[in-house]
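Subject: Structure handover

Dear colleague,

Please find below the structure I promised to pass on to you. My notes follow it, arranged by region so that you can read them alongside the model.

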Amino acid sequence: MTIPYYYPVLFNLEERRVVVVGGGEVATAKVEQLVPTGAAVFVISPETSPEIADLHKSGAVQWVPRRYRSGDLYGAYLVIAATDEPATNTAVYEEAEMRSIPVNSVDDIPHCSFIVPSIHRTGPMTIAISSGGAAPTAAVRARQAIADQFDDVYGEHLYFLNRYRERIKTTIPTFTARRDLWYRIVDSGIEKVFRVEGEDAAHDHIDALITQAEDEARVEAALEFIRGELSRADRPAMTISMQLGGMVLLHLVRSIEPDIPVIFVDTGYHFPETLRFLDEVARDWGLDLRIAAASETLEEHEAQRGLLHLTNTTACCALRKVLPAHRVLEDHDLWLSSVRRTQTENRNGFTAAHDFSLETGGMIRRASPLLDWPWEAVERYADTHGIPRHPLYDQGYTSIGCAPCTMPTFGAGDDRSGRWDGDRLECGINIGVAT
Ligand code: SF4
């Protein structure tokens, strides 16, 4: 007998009509395999086994208590001929073929358009083994041989993995990257961790792998975005306040454009630690540093206006920060900024790239490659790449601006709640001067 080269498929039979002709032992076995699939099972046979009768009573199958007759297969999705009468099985096969319905005639390969493999199930996994009809009992033994390896715990671990599919689909943008991550997960020993150390340990294990992949995807997206923006710009620049987000952005941008002009706004009120840190980074990284400063020296400013940061922080910021920064930005056509959505409610509404009106009158394209980065991703990137941190983070500061207007938060409130005693969250460089 020639063995066909079968094409294996897994049918979803839920609510689809499956007709089983026959009610004996073989038909019973088939019906019992079909019921858990949710198929609408119709049994056509003058008599049935007690098991089929019980399933009929419970409503799990419908029993038509008579012999098969032509037309019974109308509307069927799948047909099984399981009588002990070859002529009946042949008639069922011929009607099914005429209607193009897949049909299996038990133990009668020439009258089958499909055969049923030997099956091992664990959790959501189905392992189907077939000898192509050559030796079905050998297929059964092969199935039994692998059953121990793929036991119930293996199936539970598959359900566990399934819980991460949506997160991975959402955060890893390409099919190739998602596939690579899934191989990384299943090859990482996750099953053993689940089996030996339990679900919590397995969660930590898989969470670390997914986070790593998310970070890689985030960096790749940021680099692609920066490349695109730089390719369209003639005079790009970035601003930096020496906080960690800016340092991360600087590191990313310099991997593409090492000589990017870097604008630092010197208000005259910075912490000495900030200025020292700026000098160190500028020296060690060889920055093309551009200092933006007010036209008035600090002495002139205070002599003329007093301590404006105590009486009118909006005006002080406008004069010492916003206008100097925007004046220097007038010389550029692209402004790379490290603002992130999660920093303030206001920044949550920012777009990644858009035309921005400078307070000095001109327009510039502002691009924010880190806009959707959470703080933790900024920290992980910095740690991974050995990026130096402003020393004041270690003293409880979460956002670092001018010394008179910045307090440590020790992690309480949002990032910028230590600025201006919580009265304001923006100096105006990123949103324009508030009035
Ligand atoms: S942060 Fe304070 S000191 Fe600095 S410019 Fe604004 S108001 Fe003036």
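**Strand pairing around β13**

Strand β11 (residues 334–336) and strand β13 (residues 363–367) run parallel and are joined by three bridges, and within this pairing L336 has A367 of β13 as its bridge partner. Please bear in mind throughout that this is a predicted model.

**Strand β4 and its partners**

Strands β1 and β4 run parallel and are joined by four bridges, with I80 of β4 as the bridge partner of V20. Strands β4 and β5 likewise run parallel, here with three bridges, and I80 has N104 of β5 as its bridge partner.

**Nonpolar cores**

The largest nonpolar core has 44 residues, of which M238, V248, L249 and A325 touch the most other members. Helix α14 supplies the largest share of this core, namely eight residues. A second, separate core consists of 31 residues, including V31, L73, A76 and A81. Returning to M238, and leaving aside its neighbours within four places in sequence, one finds it in contact with L249, L250, V253, I260, V262 and L336; L336 is the residue named above as the bridge partner of A367.

**The surroundings of the ligand**

Which residues come nearest to the ligand? Of the 13 residues around the ligand, these are H309, C316, C317, C402 and C405. Helix α14 (residues 313–329) contributes five residues to the shell, which is the largest share, and by class the shell has seven nonpolar, four polar and two charged residues.

Residue R179 lies in helix α7 (residues 175–186), and because it has 11 other C-beta atoms within 10 Å, where 12 or fewer count as exposed, R179 is classed as exposed. R179 and I168 are 11 residues apart along the chain, and their C-alpha atoms are separated by 9.9 Å.

**Two backbone angles to look at**

E15, although not a glycine, has a positive phi of about 60 degrees; E15 sits in the segment before β1 (17–21) and is exposed, with 10 other C-beta atoms within 10 Å. S100 is not a glycine either, and has a positive phi of about 60 degrees; S100 is placed in the loop between α3 (86–98) and β5 (103–105), and with 8 C-beta neighbours inside 10 Å it counts as exposed.

With best regards

Terms used. Residues numbered from 1 in each chain as written. Predicted model: local features only at pLDDT ≥ 70, side-chain atom pairs only at ≥ 80, totals over all residues. Near = placed C-beta within 6 Å. Nonpolar A, V, L, I, M, F, W, Y, C, P; charged D, E, K, R; others polar. Pairing = 2+ DSSP bridges. Buried ≥ 20, exposed ≤ 12 C-beta atoms within 10 Å, placed from the backbone. Core = buried A, V, L, I, M, F, W, Y, C linked by C-beta atoms within 7 Å. Contact = placed C-beta atoms within 7 Å.
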